[in-house]
Amino acid sequence: MKEQKPYGIFDYSELPIVKIEITGENATDENFSTYLKEMASVPNKAERYITILDGRKASYLAAKYRIMQGKYIENNKERTEKQSIAAIFIAPSFLQKTILKAIFLVKPYPSPVFIVNNNEEALIKTTQLLEEEKRNQDNK
C-alpha cells in the first residue's frame with residue numbers, strides 16, 4: 001500500500017509562531033483528517049499563537065474538504081478567538097487572494113486574517129503582531 005503524503009506540514013520550532021506548509025498533495029479523507037487533527041492540536045502547544053499558512057503549493061480543494069474545514073473552524077471558533085493572535089496566509093496569486101477574501105467574507109475567521117505575497121511579508125507582519133501582543137500583555 002502506498003504511503004499517504006501529508007496535506008500540510010506543521011513546524012512548531014519557533015513557537016508562538018506555527019508554520020503550516022500546504023504540500024500540494026491532493027486532499028484525501030486520510031490526509032485531510034490528519035491535517036485537521038493537527039490543526040486542532042495547535043492551541044495545546046502555546047497559550048497564544050500566530051499561524052502562518054503557506055498556500056503557495058495549494059491546489060483545488062474539493063467541496064467535501066471545504067465543508068470539513070468549515071465545520072472544523074466552527075467547532076473550534078471560541079478556542080481560536082481566545083488563543084490565536086492572527087492567521088497569516090501566504091497567497092502570491094491574484095486568484096488565491098480573491099478566493100481567500102471571498103471565503104472570509106462569507107465565513108469570517110475567528111481571529112484576524114492577513115493575506116500576504118511571500119514569506120518575507122509574513123515574517124514582517126508576524127514581528128509586528130508579536131510586538132503588539134507583548135505591549136498589550138505589558139499593559140494588563
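**Overall fold and local features of the predicted model**

The protein has five helices and five strands. Helices (H or I, at least four residues) and strands (E, at least two) are DSSP runs, numbered from the N terminus. From the N terminus on, their order is β-β-α-β-α-α-β-α-β-α. This is a predicted model, in which local features need pLDDT of at least 70, side-chain atom pairs count only at pLDDT 80 or more, and totals for chains, interfaces and linings use all residues. Residues are numbered from 1 along each chain as its sequence is written, and side-chain values use heavy atoms, with hydrogens and water left out.

The C-alpha trace spans about 55 × 30 × 30 Å along its principal axes. Buried residues (under 20% relative accessible area, 1.4 Å probe, protein chains only) make up 37% of the 140 residues.

Strands E1 (residues 8–14) and E2 (residues 17–22) run antiparallel and are joined by five bridges. Pairing requires at least two bridges found by DSSP. A hairpin of two residues connects E1 to E2. Glycine 8 lies opposite isoleucine 22 of E2.

Threonine 34 sits in helix H1 (residues 29–41). Its side chain reaches the backbone oxygen of glutamate 30 at 3.0 Å. Threonine 34 is also 7.8 Å from proline 6, C-alpha to C-alpha, although 28 residues separate the two in sequence.

Terms used: Polar contact = N/O pair within 3.5 Å; in protein donor to acceptor, adjacent residues only side chain to side chain. Buried < 20%, exposed > 50% of the residue type's maximum accessible area, 1.4 Å probe, protein only.
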